[in-house]
Structure formats: structure tokens, C-alpha cells
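Here is the note you asked for, to be read with the sequence and the coordinates side by side.

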Amino acid sequence: MAKDLKFIVKSVASNDFITGVVLFLLLVLVGKCKIGLILFLGLIISMLNFIISAKITEKFINNPKKNKAILYPLSYLMRIITIVFIAVIFSNKIINLLVFLLGFFIHYIILVITTIKVQKGSE
């Protein structure tokens with residue numbers, strides 16, 4: 001993986017993990033352990049999806065053979081199906097689904113903040 005991409009992926013993953021642990025501990029202190037676990041799971045799933053996406057994209061860009069042209073969209077589809085499958089597990093209670101999606105969304109907030117910080121540091 002390219003040095004810059006590797007740095008961003010590690011920074012985002014680290015920030016995701018730290019944020020997830022802090023939010024989980026805060027929710028445990030308030031007595032919402034199950035909600036904390038679901039939020040943390042959403043954040044971790046989103047982080048893993050990001051890491052896998054970065055690796056697949058980097059491999060596809062560095063080695064774009066014709067037979068791999070179908071593998072990129074297929075991997076994208078498989079990741080979406082996996083995420084939807086996990087979300088369906090939490091769909092029995094709307095609050096669980098919303099908390100899972102909130103954890104998923106928090107990753108993207110962290111991604112934007114980390115990317116801005118990394119870009120400002122390179123100026």
C-alpha cells in the first residue's frame with residue numbers, strides 16, 4: 001500500500017478504535033452496555049469496510065488486468081451485502097438499528113476529520 005494511503009488508513013483506524021472505546025465506556029457508565037456494544041460494532045464494521053476498500057482499490061489501481069475488472073465491483077457488492085446482513089440482525093428493534101447506523105456514520109465523521117488533519121499537516 002502507498003505510504004500516504006497507509007498512513008491515512010492507520011490514522012483513521014486508530015481514531016475509530018479510540019472513539020469507539022470512549023463511546024462504549026461512556027454508554028456503559030450510563031447503563032447502556034448493549035447500546036454501547038452495538039455502536040462499537042457499527043464503528044468497527046465501518047472501519048473494516050474502509051480498510052478492505054482501501055486495499056482492494058490500491059491493488060486494482062496497481063494491477064488493472066482485464067480479468068480483475070469484474071472483481072472490483074463484485075467485492076464492492078459483497079461488502080454492501082455483508083453490511084446489510086449485519087444491519088438486518090439489528091432490525092428487530094429500531095433503536096438497535098439506529099445505533100448501529102450511528103456507529104457506522106461516526107466512522108465517516110472521523111474519516112473526514114482525520115483527512116483534514118493529515119492534509120493540513122502536509123502543507
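The points below go from the overall fold to one helix pair and then to a group of aromatic rings.

1. The model is predicted, and its secondary structure consists of four helices and zero strands, which follow the pattern α-α-α-α along the sequence. The C-alpha atoms fill a box of roughly 50 × 40 × 15 Å along the principal axes.

2. Of the 123 residues in the protein, 30% are buried, while the exposed surface comes to about 8300 Å², with carbon and sulfur atoms supplying 74% of it. Among contacts with a separation of 6 or more, 70% are made by residues 24 or more positions apart.

3. Helix H1 (residues 3–29) and helix H2 (residues 33–62) have axes that come within 8 Å and cross at roughly 175°. Because angles over 145 degrees count as roughly antiparallel, H1 is roughly antiparallel to H2. The residues of this contact divide into 21 nonpolar, three polar and two charged.

4. The structure holds five aromatic pairs. One of them joins Phe100 and Phe104, a tilted pair with 6.3 Å centre to centre and 40° between the planes; these two residues lie four apart in helix H4 (residues 94–121), about one turn of the helix, and both are buried.

5. The rings of Phe104 and Tyr108 have centres 6.0 Å apart and planes at 50°, so this pair is tilted as well, and the two residues, four apart in helix H4, are again separated by about one helical turn. Phe104 counts as buried at 14% relative accessibility, whereas Tyr108, at 35%, is partly exposed.

6. Ring pairs link Phe100, Phe104 and Tyr108 with Phe90 into a cluster.

Conventions: Residues numbered from 1 in each chain as written. Predicted model: local features only at pLDDT ≥ 70, side-chain atom pairs only at ≥ 80, totals over all residues. Heavy atoms only, no water. Axes fitted to C-alpha atoms, helices over the stretch in contact; angles between N-to-C directions. Parallel < 35°, antiparallel > 145°, perpendicular 65-115°, else oblique. Nonpolar A, V, L, I, M, F, W, Y, C, P; charged D, E, K, R; others polar. Buried < 20%, exposed > 50% of the residue type's maximum accessible area, 1.4 Å probe, protein only. Contact = heavy atoms within 4.5 Å. Areas by Shrake-Rupley, 256 points an atom, 1.4 Å probe, with all protein chains shown as cover. Phe/Tyr/Trp six-rings, centres within 6.5 Å; stacked < 30°, edge-to-face > 60°.
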